[in-house]
Structure formats: structure tokens, C-alpha cells
Amino acid sequence: MAHPTRIEPSVLHKLAMHAPESGNRLWTGIREKSMMTLNSTAFPNKKIEEWKFTDLKLISRTPFVRTGQAETIPAQNIEKYFIPESDRSRLVFINGIFQEGYSSIGGLGKGVTVGNLSAYARNKIVQAYLNKLVNYENDLFTAYNGLMFEDGAFIHLEPGARAEAPIQILNLYTDSEKPFIANPRILIVADTDSDATVIEEHIGLSENVYMTIPVCEVKVKQRAHIHHVRIQRDGQNAIHMSRPIAYVEKNSEYHSYTITLGAKLSRNEPRVIQEDEEVNFTMDGLVLIDGEQVADTHSLMDHRFSHANSHQLHKVVVNGSAHSIFNGKIFVRRDAQKIDSFQENRNLLLSADGLVNTKPQLEIFADDVLCSHGATIGQLDPEEVFYLQSRGMTEEKAKEVLTYAFALETIENVKVDSVHKLLIDEVYRYTRANSKPKKVLV
Amino acid sequence: MLELKNLHAEVEGEGIEILKGVNLKVSKGEIHAIMGPNGSGKSTLSKVVAGHPHYEVTKGDILYNGESILEMDPDERAHAGIFLAFQYPVEVPGVTNTTLLRESYNTIAASRGREELDPLEFDDYIKEKLSLVEMNPDFLERSVNTGFSGGEKKRNEIFQMAVLQPTLSLLDETDSGLDIDALRIVSDGINKLHGDHDAIVLITHYQRLLNYIIPDHVHVMINGRIVKTGGKELALELEEKGYDWLESLETVNGEAK
């Protein structure tokens, strides 16, 4: 529990407190609720266990302004970020603002609704779920988003509906004169027996400072399947604080794959909450960082009922003086028997100055469960490097191949061809750039 | 082709000397067997020749085709035609056999002035080599050694040798972990690969392998030195008498030097 202490409201606080009023009642309700959190929550610091390893000075010291005052520079050539498979199932947001002209939503077949939230503000599903699924105790960032968001992506699958193509939610962040905050939102409601693949992307177009606070709510009803790929390629000076949460009902499946490549500071807090028996979910992650990047993943897999299969493979490669933090909570509640849960965090440290903090956190109150977990931190195995060298590869090439192979495992399950290829290219680009350990210039 | 001159080597940074003055001369077209008890330095010898960074040569020299290779990296030695079949081949998840071999083949080919092969040409080329060790083509698309049985890994090493066409092959206990059928297949493969222009150094505990691959010379290594050299009949003698009778020889030699 964070204690509300008397602190000077930061720039961020002030911006959130004085966010422009919204025209619709749903938004107003969310703002009121968020304001309560804002007023009762202190800004996190390293004395709080959950923030022990992650310094937020970068946020508290940045003079953020509203997007409208940031003197943003219009985005160019954004078509190159479009996924060909999502040619007619694409939503584009720039700095959190919906771009109707770039979006295309005609191609998804019967029973699939895709659009921007503000256009669906009176929709029954939006009314029933928006902000209702957000469950992060004492979290200022969800409150900031609640106070400041203007729009977001909305996906609704009616019972039995199947999205015929992957749905791309493309969040772009433009260059700007001043640092700004974007507050993207996503609401996905998959009704019974429905099925969709969602590709959520965050891409920074320049090297400017901005913060994005994506809040994503997912409801997977009985027998529905959601495949959720999240790719974070924010700019090198960006801050990314994401809060994706999914609720899984009986016989449903939710598989998420989060790839973290960008941002100077990121804090990803994925959560999956089991709502009934017989569910199957995945929360895999791949983090490739370098330079002075800090990438923090605090995840929660909450098993509340019997018969669940859950899987979390979180792989991290660290170079330069980058810093990775992983805290993986697995809760198995008292009545949740026959749980088969797997968690593994593997860290590959390429440089002497890199830092990895990892903490698997299992809290198991049931007695008939199978929960395996492991965390390793290591360098490339010299025997493997020598083996490849003895086959003619240079040391550099051998390290590149081994790093590539290490990272590849986590993206194998991304089934959309062009996205899979994009990720392979990204992994390749990273390993090419990082096959030599980097010394930090003092 | 290969000449070891009073070769001393120790574990890098630990000061533990493992090779204590090895002398050996291997010529084109020859097969040499190095035998000896556990811990005598046989495997280390092969790794040192291949350039393993874990070991440091403190004295003596390794000449390959008349020139010292001490300053060469392992990949440069591979380019020059040296091949080490590992006692414990390393698993490389995520990298397929084909990928590794094409990469290896083409870098080695480039550095030795041979023509590189495009993927289609390479495909035909390796299929032909597969039959040499009776390996299933499925192996090509599997990750290098990942989930392979001990025998499959060893066979894969000889398959790589077939593909890369080295001039000097160091085979480190290639026979261990092979059942009798696999041993025959692997030996046949090695025999077919061997010719007048290359040399093979077999490192083995057992005489068994030498029934299939007939060595020109047999060396006994004990405590970091070659203490006895003979013809193929020496292997049979070792099989019968063990190494004990040679231990004393080592001491005498040691003091004499």
C-alpha cells in the first residue's frame, strides 16, 4: 500500500488533473474514478517494493506538455508500417489520436466490429466494459490514462464470429519540439466461440522524448480464442508504461507475445485473470535492449479456478549498460486445483555493464498443482562459440548466430507471416548491432 | 602437414599444465591414432590444435604446412583446412544443420579459393554427403545437435567433415557412444573421405575403432606426453596389457628430459 504523502504535484499530475473535459458521460465517469486514484496515490519511488529496481526520475523530471502544445511534426510515409495481411483490418492512431484516413476496417466479415472507441461511446459493449476490466491497485499510470485518454481501439467479436484477417492496431508517435504524453486505449471483447488475432504496435518515428501509457482491456468469453501480439518499437528516448489485462472465461484461450525493442524506459505490466475452469493462456515476452535502455516487466498470472494451463517464457538479451527487470507473479488460489503452470525467465548478458534483476514470485495456496519456474542469467556459452568458430565462423558471427538463436524461440509462435518476418528482421538487426560486447564510454 | 614441437599448454589463467612437451609429426595421406588413459591430455591436444581459447600454449609450436598457427583464431584454422570432430558436439538450438553447414562451407570455400554454392547447389551437394553416413535428410532441417542422441551427434560430426572437406581431421573419441552398426557406418564414412591429400588423427580409448580404420601410426599419451609410438599392432598390445606397463616409461622419460 502506497502512503499518500504530501508531495508537490508533478508536471504530470497537473496535466492529468487539468485534462480537458470530455463530451461524453462514459469518459467523464472514468475521469472521476481516475481522479480518486490520482488524489490518493503517491508517485512511485524505489522504496516501494514493486518499484525497487526502476527509477522513474526520468518521468518526474520531464516537463511534459499536452500533445496539442508539443509542436508535433506531421508523420511521413507511415504506409510502410502497414501489415499487408491487415490491408482491410487496420486502425491507426498518431499520438493517441485516431486517424480515419489511414485506417481501413472493411475486411473482417460478419459479426466483427472494429473501430475507434469514441465513435462507439454509446455502444452497449463499450458501456459495459470500458475501464471496468482495469485492475491495477494504486496505479497512477492507469489513472493518468483514465484522466487524459481521448480515444482508442475497439474490437468486438459477436458469438461465433471469426476475424478473417489479423487486426492491426498501429500506434505511431511523431517527432515533436516538446515532450508529450499519449494515452492509447484498447478494448477487445471476444464473445463466445469467437476468434481473432490482434497485432498491437507502438512505433516511435523519431528520437524525441514522449511518454505513452497504453491501457489494454481484453475479455475472452467462453470458448473464444485471442492471439495477441504486442510489439514495442518506441523511440530511443521514449517512455512506455503499458497495462494490458485479459480476463479468460471457461474453455477460452488467450495467447500474448510481447516484444520489447524500443524506449529508454519501459514498464510493462501484463496480467491474465482466470475467471472459470478449463482455460489455456500464454504470456511470452522477448526483450532486446542495449545502450542505456531500462525494460521492466511486472507480470501476473492469476489462477483462480481449477484446470488451467499457463505458459510464460520471458527471454531477455542485454547489451551496453542496459537494465532488465523481471518480476513474474504466479498466483494459484486455494480452490484452483490441477493447474499446470510454466514460467521461465532466461537472460543473456552480452556486456559487463548490463544489469538483470529477476524475481519469479509464486504464491500457491492449492495443493494439487504443477508449477515449474526457473530464472537464468548467463553469457554466451564459450563452448558453443568455439564450436561454431571451429566450423569456420568468425567469433563475431558465431556470437551473432547464437544470440539470434536465443531470441528466435519466443517469436516462433507469431503466426502472421509478415509480422514474423518483421520480428526476425528486428532480431537480426539487433544481433548484428550487438555481436560485440559494447563498452560504455565514460 | 602437422608438426607439434615440444608443445606445452595449460588452462588459460589457471597455470595447470596439461600438455607437457608433445612431439608429433603427421604427413599427408596418413592416419594416426592417439591412445591413452583418461586425463592424459588427448582431448586437450585436439582442442589446442583447433585453437580453443580455453587453453594457452606456453612453449613449443604447432606447425601446419610448415607454418606456425599459434596466432590463428579457430575460424582461421578451419579456413586453412583443420577440422575437429568434437567428443561432445554442442547443441545449437535455433540454428539448423543446413544453415550452419552452408555458412561454414561458403566461408571456408571463399577463403580457400573454391567456388561458393548457392542454396540450390548446396542442397544437391549435401544430399550426396548425407548418404555417406546414412543420415536421414530430416536431419538437415533440425537444429544443430538439438535433441540428437549421442550416436546421432557423432554421426553429424562426420557428416560435417564430409561436407567441409578438411585436409587435417582431428576426431576426438568419435567412436564413443556409437553402437556397433553406427560404428561401422561412421568408420566406412571416414575411410571413404580419407585420401592421399588429407590426414586424420584419431583420438580414442579403445582399439575397437582401429579394427575399422587402420592407422599407420599409433601413439600412446600419458600425463601430457607421447610416451610410445608404434604401428597398428601397438593398439592390440594396449588392448591386452592396458596402460599400466607404460606408466613407468613415462616417469623414466620424464626424468630423462
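Biologist: Hi! Before we start, what counts as a helix here, and how are helices numbered?
Modeller: Helices are DSSP runs of H or I with at least four residues, and they are numbered from the N terminus. Please keep in mind that this is a predicted model.

Biologist: Thanks! Let's look at α5(B), then. Which residue just after α5(B) takes a positive phi?
Modeller: That is B:Gln165, with a phi of about 50 degrees.

Biologist: And how far apart are the end C-alpha atoms of helix α5 of chain B?
Modeller: They are 21 Å apart. The helix covers residues 150–164 of chain B, and at 1.5 Å a residue its 15 residues should span 21 Å, so the two values agree.

Biologist: Is α5(B) mostly covered or mostly open?
Modeller: Mostly covered, since eleven of its 15 residues are buried. Among them are B:Glu152, B:Phe159, B:Gln160 and B:Val163.

Biologist: What covers the buried residues of α5(B)?
Modeller: The cover includes β6 (82–85), α3, α4 (119–132), β9 (168–172) and α6 (180–193), which belong to chain B.

Biologist: You mentioned α6(B). At what angle do α5(B) and α6(B) pack?
Modeller: At about 10 degrees, with 10 Å between their axes. Angles under 35 degrees count as roughly parallel, and therefore α5(B) and α6(B) are roughly parallel to each other.

Biologist: Which residues meet there?
Modeller: On the α5(B) side you'll find B:Gly151, B:Lys154, B:Arg155, B:Ile158, B:Met161 and B:Ala162. On the α6(B) side there are B:Ala182, B:Val186, B:Gly189, B:Ile190 and B:Leu193. By class, the contact has seven nonpolar, two polar and two charged residues.

Biologist: New topic: the two chains. How many residues does each chain bring to the contact?
Modeller: Chain A brings 18 residues and chain B brings 22. On the chain B side, α2 (74–79), β7 (92–96) and α3 (97–111) each give two or more residues. The most come from α3(B), with five residues. Sorted by class, that side has twelve nonpolar, seven polar and three charged residues.

Biologist: Over to chain A. In what order do the strands of the open sheet run?
Modeller: There are ten strands, in the order β2-β1-β5-β8-β11-β13-β16-β18-β20-β22, with mixed pairing. At the edges stand β2 (97–98) and β22 (370–378), each with a single partner strand, so one side of each has no neighbour in the sheet.

Biologist: What joins β8(A) to β11(A)?
Modeller: Nine bridges do, and the two strands run parallel. For example, A:Ala196 has A:Ile226 as its bridge partner in β11(A).

Biologist: And how many bridges does β11(A) make with β13(A)?
Modeller: Eight, again in parallel. One pair there is A:His227 with A:His255. β13(A) also pairs in the parallel sense with β16(A), over eight bridges, where A:Ile259 has A:Leu286 as its partner.

Biologist: Why is β13(A) largely enclosed?
Modeller: Because seven of its eight residues are buried.

Biologist: Last one! Which strands does helix α7 of chain A lie across?
Modeller: Helix α7 (residues 395–408) lies across β16, β18 (308–318) and β20 (339–349) of chain A, and runs at about 155 degrees to β18(A).

Notes: Residues numbered from 1 in each chain as written. Chains lettered and ligands numbered in written order. Predicted model: local features only at pLDDT ≥ 70, side-chain atom pairs only at ≥ 80, totals over all residues. Contact = placed C-beta atoms within 7 Å. Nonpolar A, V, L, I, M, F, W, Y, C, P; charged D, E, K, R; others polar. Buried ≥ 20, exposed ≤ 12 C-beta atoms within 10 Å, placed from the backbone. Pairing = 2+ DSSP bridges. Expected span 1.5 Å × (residues − 1). Axes fitted to C-alpha atoms, helices over the stretch in contact; angles between N-to-C directions. Parallel < 35°, antiparallel > 145°, perpendicular 65-115°, else oblique.
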